[in-house]
Amino acid sequence: MLWKRFKKNKLAIAGGILVFLLFAIAILAPLISPYDPNTIDMDNVLLSPNSHHILGTDDLGRDVLSRMLFGARISLAVGFVAIGIATLIGIILGAFAGFYEGFIDSAIMRFVDIMLSIPTFFLLLTVIALVGPGLSIVMIVIGLTSWMSVARLVRAEFLTLKNREFVLAARSIGASDLRIIFKHILPNAMSPVYVSFILGVAGAILMESGLSFLGFGVQPPTPSWGNILTAGREYIEVAWWLILFPGLAILITTLSYYILGEGIRQALDPKLKT
Amino acid sequence: MLLEVRNLHTSFFTDSGETKAVNGVSFSLEKGKTLGLVGESGSGKTVTALSIIRLLSPSAKILQGKIIYKGKDLLLYSEEEMRRIRGREIAFIFQEPMSALNPVFTIGEQILEAVKLHKKVEPLGSINRGSLLSRNLNAKSRDFCEGIKTKEAVEEVANLLDKVGICPGKERMKDYPHSLSGGMRQRVLIAMALACSPSLIIADEPTTALDVTIQAEILELIDKLKAENSLTMLLITHDLGVVAEHVDNVAIMRKGEIVEYASVEDLFSEPKHPYTKMLLDSIPRIEE
């Protein structure tokens, strides 16, 4: 039923196609990558794009295209795992806050306020300074700091949904609170969560790129769009391709997710008439 | 006496103070009979019904009274114990069928849930289930709601749907609430209420949201099911016409109190309270 609305929305289709392509590229990276991303070739250092290396080589002679393809995997992995964690936390906290209201609601919302007041990026940097950089840390910390908007959305849905009569009907056949929360109300509350998830992935990809660029995220030799940019920054006068291509990749990927997210939101919004 | 309500007082507590919704209501229900609870909007009928199964909103409190069901006072039960009563012993049929059904589940799933929730629950005391089930349900159903396998449960749900007039049950089970008409949805609610063979059914204005011809069909269906299953029913309505044909006894409620309590024949032939007379007079008659 929602598919029809989704199909009619050009934005959503465009976003969907792009996201799908990016996914395909990331998954197929080992197959379509022309070179091994980590092979050092000091004879071919800093070559501009040519017929052998379509996107050029970096300061260690590694093929940029191959590194970008594998970097895509990192970006996607971080995006989905981190936001997956965030969404899970957000759903649980939001559901309980919205359903029980009262003290639990206040406590959880104050916690949300506290978390929101902390600048995420700096929190990430602090944690990484203490614990050390790495892919898993990045995923977990982004996850633990991105759940707040989901929680608010879910809480808002629950506040209205719990007064619907089907909840009373479920109680009248003997359903327990937990059952009502997760089996009855939650499926009805998921629409804004989907949108939030997609947009969250875009944000997570940006954050990971930023961290890797600064050297706090994915460590070389593992390729990430961010850490290709790190090298690019040093050689910006001689190797524009090290900046342009990862930069474009981040831009296009983030944009695709945003477009898809907006498209889904428009498709799901009952007030917008397509 | 299956159910005895004695001196029930329920009030709502809001910022503006206390609002007495039920003010000293007492009535009793004999097994197999139907009591009609009649009154205008706001007279306290629904609150009385919800008080019996303790599904009131958090701002409401039952201040006093006893609700004796099968010899035990329900007001003394814990929430856990009440959950075992709801659906299993006492079933509730809501007024607005579309609101009462969850839009994301099929009707089969919703009825099945009623069954699953009471699957391994011990019944209250020792109840002779044989008399409650009609000849139409097979003997296995005696163990229905106690350790039944899912496949059998699904079959029973299909049977239930057939019994309430949604045929063929096996296929219609997969329909979603939004693809059904009002009358059909109400039938689904009735099926849900019957799923665990309750002893008492409380129907809160089950036909108010439906048009007159469907109303007649639904009431006929309810009568048929009542007879087949020897059900006891508390029927809430504001429609005296419904009362005239489908209940045994009547309690007229006004502003939280019962002003007249009589058998249906006595009520219509010799109404005693002025309010009752007013209600009867307000029915337009063709001759006038």
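## Strands β3 and β9 of chain B

In this predicted model, strand β3 of chain B covers residues 34-39 and strand β9 of chain B covers residues 249-254. The two strands run parallel. Five bridges join them. One bridge pairs B:G39 with B:M253, a residue of β9(B).

## The sheet around them

Both strands belong to an open sheet of chain B. Six strands make up this sheet, in the order β6-β7-β8-β3-β9-β10. Their pairing is mixed.

Which strands form the edges? They are β6 (90-93) and β10 (257-263) of chain B. Each edge strand pairs on one side only. On average, neighbouring strands of the sheet are turned by 15° against each other, with direction ignored.

## A helix on the sheet

Helix α7 of chain B, residues 182-194, packs on this sheet.

## Where chain B meets chain A

How many residues does each chain bring to the contact? Chain B gives 21 residues, and chain A gives 14 residues.

On the chain B side, three helices each supply at least two residues: α2 (79-85), α3 (97-100) and α4 (107-117). The largest share comes from α4(B), with three residues.

What is the make-up of this side by class? The side of chain B that touches chain A has 11 nonpolar residues. Six charged and four polar residues complete the side.

Methods: Residues are numbered from 1 along each chain as its sequence is written. Chains are lettered from A and ligands numbered from 1 in the order in which they are written. This is a predicted model: local features need pLDDT of at least 70, side-chain atom pairs count only at pLDDT 80 or more; totals for chains, interfaces and linings use all residues. Two strands pair if DSSP finds at least two bridges between them. Helices (H or I, at least four residues) and strands (E, at least two) are DSSP runs, numbered from the N terminus. Axes are lines fitted to C-alpha atoms, for helices over the stretch in contact, and angles run from 0 to 180 degrees between N-to-C directions. Two residues are in contact if their C-beta atoms, placed from the backbone, lie within 7 Å. Ala, Val, Leu, Ile, Met, Phe, Trp, Tyr, Cys and Pro count as nonpolar, Asp, Glu, Lys and Arg as charged, and the others, Gly among them, as polar.
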